[in-house]
Amino acid sequence: MPDWHEIDVRTVLKELDTGKNGLTTREADERLKNYGLNELKRLETINPLSIFFSQFKSFLVIILVLATIFSAFVGEIIDSLAILIIVILNAVFGFIQEYKAERSMEALEKMTSQESVVIRDGEKVRIPSNKLVPGDTIIIEQGDKVPADARVIEVTELRLDESMLTGESAPVKKSIGICKTKTLAEMKCMAFMGTIVSYGRATAVVTDTGMNTEMGKIANMVQSTGEDLTPLQKSLDKFGKNLGFLVLSISALVIISSVMRGWLIPEAIIMGIALAVAAIPEGLQAVVTVTLAAGMRNMAKRNAIIRKLHAVETLGSVSVICSDKTGTLTKNEMTVRKVWYNHKTTDVMGMGYEPKGEFLTDGKGVHDDTHLNLLLKTGTLCTNSHVKAATEGWKVVGDPTEAAIMVAAEKAGFRRDEIESTSPRKLEIPFTSERKMMSTVNKYGEKFMMCTKGAAENVLDCCSRIQVGGKTTQLTKSIREDILEANSAMSSRALRVLAIAYKESDKVKTDEKNLVFLGLVGMIDPPRQEVVKDVERCTNAGIKTVMITGDNKDTAVAIAKEIGLPEGKVLTGNELNELNEKELEEAVENVSVYARVNPDHKARIVDALKKKGHIIAMTGDGVNDAPALKKADIGVSMGIKGTDVSKEASDMVLADDNFSTIVAAVEAGRSIYDNIKNFIFYLLSANIAEVMVVFAAIIIGFTGSDGGYIMPLTAIQLLWINLVTDGFPAMALGVDPAAPNIMNRKPRQSGESILTRKILFNMAMAASIIAVITLSLFIYYLPDPKAVTVAFTAIVMLELLRIFKVRADNGQKLFSNNKLFLAIGVSIVLHMTAVYFPGAGAVFDTVPLGLSEWSAIGLGMLIFIVYSIVSVKRKS
């Protein structure tokens, strides 16, 4: 395919074998067979069954499934049913989490036009947009959505809103001339699928349809981008495999040694299963899932809507935020910031399209200034846009630049409808790229007034006079130089500058000559007020903020300085094209601003940062952001101004479009990771203690009153401990408050292990103490049948005490989490049910305990409390 924007109209029509009168119906039908429908296609569909069965791929889950089968095979039906229920519950948890259908493609399909005006057989007809083919001649007008990628061949003041595709905040004026560029935002002769006509009309020839369009390329990128495991998933997956191999090895060793000692094979298998059940933290996945879900709910209350569960944890390790400028760091609302008139500059307060704000000159308010009022009225009469209040802020219909002038006038007390009612329009001279200005003629009392706005140099060429101090004087060369100097000063601050002029006449005149110069207005898409503080907080937290935008370099740099972005290199899209992957990877660490980029550039930037070991959060609101949002570790879309495509591709949606919500979400993510880490330590240390007890009992070979082998803990008891009595306190750990200095830490490394040597040593020490106390009590009461219940109860109580040791090691105050005490109370009640409830003994192999047994257990708990206090003091 040729680069359609780099060849002239005649060559384009020749290459596509078409003309300005379009195709015949027969030609179109033939091409439709060759090219297919103008639709975005799905590469693959989601199968709910495959998602459900994928939950059984975990190595630990496979071990539990095998344990279920063997338990049933040897006649331990209750044990096998209990394990099976746990496996299924975990699978359901995972299925619910993952089965959130990827609706990115559906959202993209919604953004394509439904019907189009096309020239077929030399006549204008309206056809379904999906029937368009390359070579079709289409007509697009104000308000239309472009139905396919097309080369403009005839144009009348066409301006397209391409912000959802390129990030360019202002409508782009289109022409028919050749464009030698690789940057979408600079292809002035192309109209892309899904963009919207803000102004004017054009005839264009379709060059690409369906998946071959720029929108189609994005769709393909979104679908082909896989999702990486989060840091926690990687750690748990690695831990699970290591634990699984260890469990299988020890279980096999126990079964073989038991058979060699004369045990029956079924008994030996039961012992091996008991050991496997003791070692595997069956409740870990459920507790992690519930804790992350609780984090999701809390974040939603703070306007951060988490779409994918593990994003909660990943947020805590973000080291780089790649943020789109338009609508994320800025408001995506053009705002007049400065007005130059009477040889002075006046600042305009207020943000966005809300008509509130003062006019200040040298810090003093400006009120009832005749010159300023005339300038603003003239500018408003020379506009075609509208601004109206909507449920979600203010909505602009038309050119945002014109809307900014209207809003500035309203801040001074002049409503457009009131101005036009007294000064109705009689004539309009549209903007052209040659003149670079627009004029209207309005009734003005008994006379007529020409109102003109446009580029400063062009408007000045049409002016012979200037208004100064309430009087009209000659426009001298010196004054002209002053005006151009003021224009340059505004432009250097990335303001978009328009000059405004007028003249009065006794009748309607169309000549744009002898105008009276009124002044300059400078406008910009301003940064959000809270962004400066948020960028600083990110810097303090060791998080780098990177601006990625489709706007030009000067505008991007000016905004970067205004929001306090740390200094760094600026890279444009064209410069990016010159870099190979290795060169980009070397440069990416030092770049803080990317300007004039395409969608594929954003994905390349994310890739390069990932290769440098960063955890990436990509923020954005347009279709152009979708591939990078999905490729990033955390894709963050905007809830108010974001497209459906960006929301569906993201992991988190900001309900308020507020950058500070991202910072709050990172803080919550860090806190949640701390809590997950704490309850993992708690659960694993409890499991290690259980393994020690079971393994020691198998090696020693205890016998009961009937002379047969007896275990201190049975498989069903171990399941009960791991899921119920340990599970509730572990969940309560998930809502521990955040540490005070949590946003002053550096992000944790992506490869950082949850279980360091120091942590493993502390867990082994605590588990050894618990195991020794439990076995000692068990041995003391042998061969009494109560020995098993004493061991069962002792290990439950000791593990509940262990939770306070875990929290103390992490600097948590004793009474900072009231839910924890409630959870411990529930666990104790549930354990008492297993011991004392009628009929429970048959299920759990328990008998009621008396005061003497509880006294012995209490002594064991006292020993563990002393050990905990001593170890915490030694640590401090």
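In the predicted model, E428 is partly exposed, its relative accessible area being 29%. The partner of E428 in a salt bridge is R425, with 3.0 Å between the closest N and O atoms. R425 is likewise assigned to the partly exposed class, at a relative accessible area of 27%. Across the whole structure, the search returns 29 salt bridges. Among them is a network in which E410, R415 and D417 are linked.

A further salt bridge joins the side chains of K631 and D607, at 3.6 Å from N to O. K631 belongs to helix α24 (residues 626-631) and D607 to helix α23 (residues 599-611), so this pair ties together parts that are 24 residues apart in sequence. D607 has a relative accessibility of 27% and is therefore partly exposed.

The salt bridge between D674 and R745 has its closest N and O atoms 3.0 Å apart. Because D674 is located in helix α26 and R745 in the loop between α28 (727-733) and α29, the contact ties together parts separated by 71 residues in sequence. The two side chains fall into separate accessibility classes: D674 is buried, with a relative accessible area of 16%, whereas R745 is partly exposed at 30%.

Helix α26 also contains T661. This residue is buried, with a relative accessibility of 5%. When neighbours within four places in sequence are set aside, the contacts of T661 are R302, N303, A304, L654 and D656.

Charged side chains are also placed over aromatic rings. The charged end of R748 is positioned over the ring of Y673, at 3.2 Å from the ring centre. In a second case, R159 lies over the face of F431, and the distance to the ring centre is 4.8 Å.

Interactions between aromatic rings were examined next. A pair of aromatic rings is described by the distance of the centres and the angle of the planes. The model contains 6 aromatic pairs. In the pair formed by F702 and F778, the ring centres are 5.2 Å apart and the planes stand at 80°, so the arrangement is edge-to-face. F702 is situated in the loop between α26 (659-700) and α27 (715-725), and F778 in helix α29 (residues 757-781); the pair therefore ties together parts that are 76 residues apart in sequence. F702 is buried, with a relative accessibility of 9%, and F778 is buried as well, at 0%.

The pair of F815 and F821 is stacked, with 5.5 Å from centre to centre and an angle of 15° between the planes. F815 is exposed, having a relative accessible area of 61%, while F821 is partly exposed at 31%. Ring pairs extend this arrangement to a cluster made up of F804, F815 and F821.

Turning to the β-structure, an open sheet is built from 8 strands in the order β8-β28-β27-β26-β9-β23-β25-β24, and the pairing is mixed. Its edges are formed by β8 (304-306) and β24 (569-572), each of which pairs on one side only. From one strand to the next, the twist averages 20°. Strands of a sheet pair through backbone hydrogen bonds, either parallel or antiparallel. Within this sheet, β9 (residues 320-324) and β26 (residues 616-620) are paired in the parallel sense over 4 bridges. One of the positions involved is C322, which has M618 of β26 as its bridge partner. Helix α20 (residues 553-562) packs on the sheet, where it touches β23 (544-548), β24 and β25 (591-595). The direction of α20 makes an angle of about 140° with that of β25.

Key
Residues numbered from 1 in each chain as written. Predicted model: local features only at pLDDT ≥ 70, side-chain atom pairs only at ≥ 80, totals over all residues. Heavy atoms only, no water. Phe/Tyr/Trp six-rings, centres within 6.5 Å; stacked < 30°, edge-to-face > 60°. Helix = DSSP H or I, 4+ residues; strand = E, 2+ residues; numbered from the N terminus. Buried < 20%, exposed > 50% of the residue type's maximum accessible area, 1.4 Å probe, protein only. Lys NZ or Arg CZ within 6 Å of the ring centre and 35° of its normal. Pairing = 2+ DSSP bridges. Axes fitted to C-alpha atoms, helices over the stretch in contact; angles between N-to-C directions. Contact = heavy atoms within 4.5 Å. Salt bridge = Lys/Arg side-chain N within 4 Å of Asp/Glu carboxyl O.
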